[in-house]
Amino acid sequence: MTFSLFEGPGDEPSRFVGFAGNRVDRQAENRSETALADAMADPRLAVLILRGGRLCLKMNGAAPACRLTLDEAKELGARLDHAVLLGMDANGPLLAAPGSLEPEDLPDGLKAIDLRSLNSQGLLESEDLGAVGQGASLLAWNGNCRFCGKCGGRTEAKIGGYKRVCPECGTQHFPRTDPVVIMLTVTRERCLMGRSPHFAPGVFSTLAGFVEPGETIEDAVRRETFEESGVRIGRVAYHASQPWPFPHSLMIGCFGEALNEDLTPDFTELEACRWFDRAEVAAMLAGTHPDGLIVPPRAAIASHLIRAWLDDD
Ligand SMILES: [Zn+2]
């Protein structure tokens, strides 16, 4: 867990979490007022359609496919006037657009699947899932920023959805990403995990919380851990990050050094919080825990933090 730029592993841990495989060339330096229209005129264009936290998938091939043609998107009533430009991939330009149909109204061969299931069940290739996360976050921000926070005027999308401008007062608004710390609190022999009421049965996971204004990542790890468990944190080490499009967060995965092991859990947020030794965590990962306890699936950054700690024996 010791940081060393030149001696560390070549494979970034962030590469192995869900929503992290995005390889779209965002062409951020080349976004212009015509970028979206140019993309729409490109015959290679592909469109992702999202609505209500669900992605529209073509289910009639060997594997689910998320890229629709412009004609297919139009037939499905995609709101192309609200489309955002993700960038260029190997096949051409890629857009995301809000859908207009409820899942039950989609024609045969198409299905709307929620993003959490896409992630946990591995229904898409990693690169596609990453692009879907980008599109979901960008569409959500555009949808939530239709009015200027400064004067209340109606904003207009610019440069493919990467900026919104208020004609009333001239304020420019840019897409937001909300930082969340997610941390495995550890001693040499034990790690701390908690259980929220909304977790699936038997799941214990790392603690997490939003970074607040004016706060470092390290201080957010210390504050959130103490608030939720009563454990004071000393050293903090960054491990990996995960784009988390619900709606536009970045999970920042860290390890925290526990300075005390007595617990005073916050039972308004957690229904359980306790220490686990290495053997117990190994059993949870192997699915052999006597009480049926498990950790989150591999697509979650929490799983990677837990596995990295166990492997660092
Ligand atoms: Zn304004």
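## Overall dimensions

A compact globule of 313 residues would have a radius of gyration near 20 Å, and the protein, with 22 Å, agrees with that expectation. The model is a predicted one, and its C-alpha atoms fill a box of roughly 60 × 50 × 45 Å when taken along the principal axes. The secondary structure comes to seven helices and 14 strands.

Buried residues account for 49% of the 313 residues, while the accessible surface comes to about 16,100 Å², of which carbon and sulfur atoms contribute 50%. Of the contacts between residues at least 6 apart in sequence, 64% join residues that are at least 24 apart.

## The zinc site

The zinc ion is coordinated by the SG atoms of C148, C151, C166 and C169, at 2.3 to 2.4 Å. The angles among these four donor atoms run from 98 to 116 degrees, and the site is tetrahedral; for comparison, the ideal angle for four tetrahedral donors is 109.5 degrees. Along the chain, the donor residues follow the spacing C-x2-C-x14-C-x2-C.

## Helix α5

Helix α5, which spans residues 217–229, has 13 residues and reaches 18 Å from its first C-alpha to its last, close to the 18 Å expected at 1.5 Å a residue. The residue that follows α5 is G230, whose phi is positive, near 85 degrees.

The buried residues of α5 are A220, V221, R223, E224, T225, E228 and S229. An α-helix has 3.6 residues a turn, so residues three or four places apart point the same way. The cover over the buried residues of α5 includes the strands β9 (178–186), β10 (190–195), β11 (207–210), β12 (233–244), β13 (249–258) and β14 (272–277).

## Helix α7

Helix α7, residues 301–311, is mostly covered, with eight of its 11 residues buried. These buried positions are I301, A302, S303, H304, L305, I306, W309 and L310. They pack against the strands β9, β10, β12, β13 and β14, and also against helix α6 (278–286).

Leaving aside neighbours within four places in sequence, G194 is in contact with F199, V203, F204, S205, L207, A272 and C273. Between G194 and V236 there are 42 residues of separation in sequence, and their C-alpha atoms are 19 Å apart in space.

S249 lies in strand β13 and counts as buried because its relative accessibility is 8%, where buried means under 20%. Not counting residues up to four places away in sequence, S249 touches T177, D178, V180, F210, Q242, P243 and W244.

Notes:
Residues numbered from 1 in each chain as written. Predicted model: local features only at pLDDT ≥ 70, side-chain atom pairs only at ≥ 80, totals over all residues. Heavy atoms only, no water. Helix = DSSP H or I, 4+ residues; strand = E, 2+ residues; numbered from the N terminus. Expected span 1.5 Å × (residues − 1). Buried < 20%, exposed > 50% of the residue type's maximum accessible area, 1.4 Å probe, protein only. Contact = heavy atoms within 4.5 Å. Donors = N, O, S within 2.8 Å, 3.2 Å for Na, K, Ca; no water. Tetrahedral: all angles 85-135°; square planar, octahedral: opposite > 155°, others 65-115°. Rg over C-alpha atoms; globule rule 2.2 N^0.38 Å. Areas by Shrake-Rupley, 256 points an atom, 1.4 Å probe, with all protein chains shown as cover.
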